[in-house]
Each structure stands twice: as C-alpha cells, then as structure tokens.
Amino acid sequence: MEPEREKPARRPKRGRKREQAASELGAAAGALSGGPEREERRPEAKKARLSTVLFTENCEVTHDQLCELLKYAILGKSGVPKPSWCQLFHQNCLNNVVIFVLQGMSQLHFYRFYLEFGFLRKAFRHKFRLPSPSSDFLAEITGLQKKEATGDLSKTSEGSSASASSKGSINLQNDPIVQKYGSKKVGVAKCLLTEEEMKTFHFPLQGFPDCENFVPTKSNGSVTDSSPLFGLDCEMCLTAKGKELTRVALVTEGVGCVMDELVKPDNEVLDYLTSFSGITKNSLDPVKTKLRDVQRKLKALLPPNAVLVGHSLDLDLRALKMIHPYVIDTSLLYVREQGRRFKLKFLAKAILGKDIQNPERLGHDAIEDARTALELAQYFLKCGPKKVAELNLEALVNRQELHAAQREPGGPAGARLPSASVLDCLHSLGHKLLLLTREAETSELSSSIDCQTVTCLSNKEVLEQARVELPLSPFSIVQFSFEGLSRALTEEMNQRLISKWTELSTIYAGPFSKTCNLVAVKKLFKSFGPVQSISLILETHQPHFCVQYEVLEAAQLAIESLDGAVVEGDLIKVQRPVTELTLDCGTLLKELEQDSENQGAIYLSGVSEAFRERLLQQSSLLFGLEAVILPKDFRTGKQKTYCFLKFKTLGSAQRALSIFTGKKWKLKGRRALTPRHLHTWLRSLPAELRRPLGLQGESPPLERQALQTLNGDHPKIIAWRWGRKIGKLYHSLGPGTLCLILLPGTQSSQGSLPGLGLMGIKGEEESSVPGTCL
C-alpha cells in the first residue's frame with residue numbers, strides 16, 4: 001500500500017588489495033568499485049589518501065591497530081606490515097603526522113556536543129570507536145607498552161625448537177593460551193568449542209534462522225577424551241548465490257584419508273578461486289557428485305561421538321550446510337591476543353616443521369590442510385598449553401614478517417621489527433617525536449630519550465606552543481586536558497543522550513479513522529525501515545500511531561514520505577514528539593547529512609537476501625560504489641532488510657539513489673544520516689536504555705541562573721571554543737599531513753566510556769568539506 005500525495009514533495013609499488021575483514025562489507029563493493037565516473041577528470045599529482053571504508057569489527061579500532069597505522073605512516077611497507085583495518089595509499093607522499101589528544105573526552109562527549117564540534121564533524125571523513133582507555137593511553141598508541149611486554153624479539157631464534165629458548169624472557173601467565181586453558185595438559189573435551197563460542201564465531205547451530213536447511217550429523221553420543229578426531233577441510237568457489245562447496249576432504253587418526261570428493265555446485269560458477277582451491281573448470285566439468293551426496297556420505301562416516309577438527313571450521317561447515325556440535329577449531333585453539341588468529345601455514349611450520357600451501361603449486365591441497373589441522377590438535381593434546389606457550393608464537397610470527405620485509409625488493413637491510421614502537425620507527429630515520437602536553441599529564445612516552453617533550457602550564461599554552469612547533473616536526477602529539485568535562489557527564493546525561501536519539505527515531509502519525517486497515521497501515525510504516533515498536537494511541541479524538549524505528553533514517557524517510565499524504569482515505573500528519581530533546585532536530589538533521597562521513601552514503605529499505613547478487617548482475621548501472629554495508633541481527637545473525645551504500649562522490653550517490661527508488665528496484669531510500677560507528681553503537685544498546693525521559697525544563701526562578709551557566713566553563717561552550725581553536729590549528733598545517741583527533745574515553749567510579757577517533761589527510765578531500773565552522 002502506497003500513500004497518495006496531496007502536495008509535492010616516492011611512489012610505492014602496487015600490491016594486492018587487502019581482503020575486507022568486516023563481515024558486513026559485501027563482496028559487491030569489490031566488484032563494483034572500479035566503475036568509471038561520468039564526470040571528466042583531469043590528471044592529478046599523486047597524493048597520500050586513506051581508504052573510504054575502515055575494515056573494523058563493530059567499527060572499533062584497538063590501540064594496537066592505531067599503532068599499526070602510525071608506524072606504517074612513518075616507514076611504509078618496506079619497514080612494517082600494512083595496517084589491518086584501513087588502507088593508506090601513497091604513503092611516501094605524507095609530509096607530517098599530527099595527533100591531537102583531547103584527554104578527558106569520549107565518544108559520548110562528541111555526540112553530546114555534536115553541534116558545537118562543527119569543524120571536527122565536517123573535516124574528518126573517517127570516524128571510529130576506541131576502546132575504553134588504560135592508565136597510559138599515549139604509551140599504548142605508540143607501542144611502548146607492547147614492546148615492553150614482548151621483550152626484545154630480535155633475540156628469538158628461528159624455528160619452534162629454538163624459540164623455546166626464549167621462554168625465560170616471556171611471562172607465561174600472560175600468554176592467552178595459558179590464560180584460557182591453564183598450564184596443565186588438557187583432554188579433548190576441554191578443547192571443544194562451547195555452544196556460546198560457536199554462536200560467537202558463527203558456527204551453524206540447530207534452531208538458528210539461517211540454518212533451517214542444514215543437515216545435522218548423528219551427534220547423539222557423549223564426547224570423552226578418547227573420542228575419535230577427524231580432520232576436515234573444504235574448498236569453495238564463487239557462484240551467483242555466494243560461496244559453494246567444490247571439494248571436501250576428511251582424514252582420521254591412524255587411517256589417513258577416508259574421504260576426498262569433488263562436488264558440483266548447484267549454481268553457475270562465477271569464479272573457481274583456483275589460486276586458493278586448486279579447482280578449475282576442467283576438473284569440475286565431469287563431476288556428478290552434488291552437495292546432498294557428500295552430506296549423506298559424511299553422515300554415514302562420522303560416529304555419534306566424532307570430533308571434527310579444522311582451521312576456521314565454521315566456513316567449512318557452512319559450505320557443507322551441516323551441523324555438528326563437537327568441534328576443535330585450530331585457529332581458535334592456538335589463542336592469539338585481541339581476537340587475531342594464526343594462519344594454518346604459519347602453525348604448520350612453527351609447530352610441526354611442515355611446509356604446506358606451496359605457492360608454486362596450484363591452490364591448496366584439502367587433504368594436506370585437513371591432516372595438518374588434525375596434527376596440530378594432536379600436538380596440543382600431547383604437549384599441553386604450557387609447552388605451546390613456551391614456543392612464543394607471537395615472536396615467531398613477527399620474525400617471519402621481518403624476514404619477508406627484508407626479502408622484498410628495495411627493502412632496507414635494517415628493516416624494523418613489526419613489534420617496534422613508533423619511537424623506534426622515528427629513530428631509524430633520525431627523527432624524534434614531539435610531545436606537547438600539560439605538566440599535570442604524565443606518560444611513559446615523555447620520559448623516553450627519543451621523545452622531545454614540551455610541558456606547559458595550561459591548554460592555552462599548549463596551543464601557543466603548537467602553533468610554533470608543529471611546522472618543524474615530522475611527528476607530533478598535542479595533548480589537551482579536559483578532565484573537568486568527564487565529571488560533568490553523569491549517568492543521567494548519558495541516558496539523556498541515548499533518549500535523544502530514540503526520540504529522533506520516533507514518529508507520531510494520524511489521525512486515522514476507526515475503521516482503517518491496521519495491518520495495511522503497519523505494513524506501510526515497516527516499509528521505511530526496521531521497527532522497534534508500533535503503538536496505537538487512543539487518547540486523541542481519532543486514533544494515532546506511535547512508531548519507534550531502529551534507525552534515524554527510517555523515521556526521517558517516513559516523515560518525508562507520509563506527512564501530508566492520504567493513507568486509507570485519511571489525510572495524515574507525521575511528526576516527531578516535541579520535547580526538549582527534539583527542539584533542535586531540524587538543525588541536527590541538517591548537520592548530520594553534511595557530516596563528512598555521510599558524504600556519498602545512502603540508506604535503502606526493503607532489500608532482500610538476493611540484493612547483493614542483483615547488485616553484481618547490474619553493476620554497469622552504478623558508478624563509484626565503494627562499499628555495501630549489510631547490517632545483521634545481533635541475536636540471529638540474519639541479514640536486516642535495510643542497508644547502507646557508500647560511493648566515491650555525492651553525485652554518484654544521488655544518481656544511484658534515483659535508480660534504487662525507481663520503478664525497476666522499487667526500494668525506499670534517502671541520504672544517510674548516521675555515521676557507521678554511531679549506528680553500530682546505538683544498535684548494541686539494551687532496549688531498556690532507549691526509553692524517553694520526558695520534559696525536564698528549568699523552573700522560572702532558576703531560568704536566569706541557568707542561562708548564566710552557558711558562559712565561561714560550561715561544557716557546551718568549552719566544546720565549541722576548542723573545536724574552533726583546533727580547527728584553526730588544523731588549517732595552519734601543510735598539505736599531506738596525516739591528522740588524527742583522539743578522544744581517548746574516560747574511566748570513573750560510574751564506569752568507563754569508549755573513545756572516538758577522527759582521521760584525515762590535509763588536502764586529501766578539501767572540496768568535500770561543505771564549509772567550516774570556525
């Protein structure tokens with residue numbers, strides 16, 4: 001049902017593209033990003049620039065990941081690995097790095113004073129969440145604490161046996177393997193993934209909506225330490241329906257390979273992924289075996305108490321469309337810090353002394369990979385967690401990266417270790433880090449001989465020194481202190497901010513007749529986006545509806561589409577609740593739309609599971625598409641019915657929007673309003689926190705006093721004033737300066753608040769900033 005309208009409304013060498021880690025970034029983005037723009041373009045000189053999309057889990061960048069970028073900005077790929085969460089192109093064209101740290105501020109501060117931070121929200125396209133701060137934020141982001149904990153890795157010998165000699169220099173109690181399993185030997189049952197872990201790592205489980213057609217194994221036995229282990233590995237190809245199975249191998253203890261089958265996919269193959277799978281069209285053409293055949297065979301082969309062993313086994317089981325509750329995943333068994341995983345090839349060499357996945361061979365050998373995973377599990381069970389920890393695998397993988405950098409053509413003979421600190425990287429080039437801070441601030445960083453520290457008495461003096469010193473330093477950190485602001489943000493203010501976004505995402509619509517079709521009206525509301533709740537309001541003379549949406553874009557789209565429209569024969573008005581929290585919603589929505597992160601981003605509602613496939617098929621219609629963001633339900637993992645698309649330019653986004661909302665696609669959409677990291681944060685909040693607080697005005701006797709507090713040291717005035725000052729300082733920086741604004745987050749007796757990072761390169765996209773508030 002659609003409403004009737006009453007009124008109109010040095011040049012780095014080119015390397016392979018990094019795989020996008022975040023699951024919500026669709027494969028369609030990679031397929032469509034290379035389309036030419038219709039606008040004429042003049043040849044431009046090479047400039048340092050950042051990737052449009054950040055490849056982060058839940059939009060959070062850890063302190064270690066931030067350190068990765070800073071080291072790469074200094075040395076480039078010849079000295080350190082590339083950052084795992086973003087891409088920095090033409091690093092040699094960077095001239096300076098400047099970091100502004102707003103100590104005492106958090107993500108909550110930024111959105112509480114969003115309108116006051118006018119320059120920051122417009123100038124920096126990249127925004128990301130930071131974890132809650134530790135005791136020494138500066139030491140963490142520059143890698144000093146990590147270096148101290150790891151020790152001198154250059155003393156670590158090659159090979160697993162030699163690495164054990166370094167066990168005296170590491171603290172085994174801090175090793176993640178010992179922390180999870182203890183130091184004593186464990187049995188099979190202890191190594192199994194729990195049901196909760198299987199949910200976390202997206203293993204197929206019975207009862208989950210996305211596993212309705214999956215085949216369960218005969219897993220009705222109880223697992224003991226003598227239960228049989230089976231190594232499993234699958235190879236896949238890319239079809240119109242996504243990845244599908246092309247080969248499965250199963251090996252077992254003592255017997256060897258018990259199954260090795262090629263499998264014909266049900267859908268047309270778009271890419272055989274031969275470099276990984278080893279599968280070619282010629283090898284698959286004569287195959288008659290289908291997925292159901294291998295499912296039936298596997299179900300017959302596996303005893304009820306079988307334990308499947310594999311590396312990233314969730315992907316194999318999903319390719320098989322089978323459910324098995326007893327699994328050991330070697331990518332999770334050999335635990336690594338901060339959720340990272342060791343590659344199978346690395347573990348095979350470091351633990352077993354085996355070379356697998358030879359690059360000279362066509363693709364991977366599924367039997368070899370399955371056997372390797374099985375042998376890794378057997379080693380862990382035989383030797384125990386303590387001996388595995390003594391191998392110091394983290395040191396070995398760093399050593400391996402160092403050797404790779406040294407072998408690279410043009411790489412320096414003295415390439416730095418990946419675990420080196422930012423200060424080490426600067427020292428290798430003959431530079432020092434400049435730190436401007438207040439005397440009250442102390443950090444391990446300021447005591448280093450490779451750090452030139454300038455201490456000041458106030459934020460104002462820090463600012464004055466920055467104007468003089470920044471043009472002279474290749475790498476600077478400017479730290480301001482706003483500790484008083486964190487005390488001003490109480491739990492009540494946190495609740496009020498959340499309530500504000502809730503009320504902005506809520507609409508009232510009516511009046512409707514008492515005989516209106518309730519089902520049709522509710523369906524119409526849901527067509528604009530995901531609905532949190534729909535309530536029928538009977539307090540009014542004629543019925544009204546109150547609709548709370550999950551996303552701000554859905555509420556705004558409903559207002560724009562339905563206000564003044566005839567629905568079910570009734571002329572209705574659609575509006576937000578009028579409270580103190582929504583009085584400035586017009587200004588706020590306008591500024592959100594102009595937020596640099598939302599430039600070139602659109603919101604679409606009504607997308608189906610086949611949306612990505614359809615995008616691939618009609619890629620010629622869309623130019624400049626860089627990312628497809630398909631949110632999933634946190635509980636079920638099922639794809640939501642809305643998405644965000646990011647384009648290179650605003651013009652490309654507007655053209656795409658007209659296509660998607662046209663007769664062929666029949667979707668509803670508009671320009672995006674919510675930055676991705678904020679959208680993720682708001683969706684993760686418990687429902688009980690998203691309740692309106694109601695009106696809280698000032699009583700008449702206190703009105704003048706309340707107005708007077710808006711002078712001087714009021715947090716809102718401080719945010720506005722220092723946003724302008726930092727903006728002016730930013731404009732004084734030279735082109736090619738990598739600039740980061742870091743709000744580290746806060747710790748207090750009321751709990752911790754996560755931080756926020758803003759990032760950009762001066763001169764990278766000056767034309768995209770729609771004006772500045774200075």
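# Rings, helices and strands

Me: Phe 482 is buried or exposed, going by its relative accessible area?
Reply: This is a predicted model, where local features need pLDDT of at least 70, side-chain atom pairs count only at pLDDT 80 or more, and totals for chains, interfaces and linings use all residues. Residues are numbered from 1 along each chain as its sequence is written, and side-chain values use heavy atoms, leaving out hydrogens and water. Buried means under 20% relative accessible area, exposed over 50%, and partly exposed in between (1.4 Å probe, protein chains only). Phe 482 comes out at 7%, so the word for Phe 482 is buried.

Me: How many aromatic pairs does a search of the whole structure find?
Reply: Rings of Phe, Tyr and Trp (its six-membered ring) pair if their centres lie within 6.5 Å; planes under 30 degrees apart count as stacked, over 60 as edge-to-face and the rest as tilted. With that rule, the number of aromatic pairs in the whole structure is 23.

Me: What kind of pair do Phe 110 and Tyr 111 make?
Reply: Their ring centres are 5.0 Å apart. Both residues are buried. The planes meet at 85°, so the pair is edge-to-face.

Me: And what does Phe 482 form an aromatic pair with?
Reply: The centres of this pair are 5.8 Å apart and the planes are at 70°, which is edge-to-face.

Me: Which ring has the charged end of Arg 614 over it?
Reply: A charge sits over a ring if NZ of Lys or CZ of Arg is within 6 Å of the ring centre and within 35 degrees of the ring normal. Elsewhere, Arg 49 lies over the face of Phe 89, 4.2 Å from the ring centre. For Arg 614 the distance to the centre is 4.0 Å, and the ring belongs to Trp 665.

Me: How are helix 16 and helix 17 oriented to each other?
Reply: Axes are lines fitted to C-alpha atoms, for helices over the stretch in contact, and angles run from 0 to 180 degrees between N-to-C directions. The axes of helix 16 (residues 344–352) and helix 17 (residues 366–390) come within 10 Å and cross at roughly 50°. Angles under 35 degrees count as roughly parallel, over 145 as roughly antiparallel, 65 to 115 as roughly perpendicular and the rest as oblique. The two helices are therefore oblique.

Me: In strand 16, what is the bridge partner of Leu 436?
Reply: Strand 14 (residues 433–438) and strand 16 run parallel, joined by 3 bridges. Across from Leu 436, the partner in strand 16 is Val 478.

Definitions and conventions: Helix = DSSP H or I, 4+ residues; strand = E, 2+ residues; numbered from the N terminus. Pairing = 2+ DSSP bridges.
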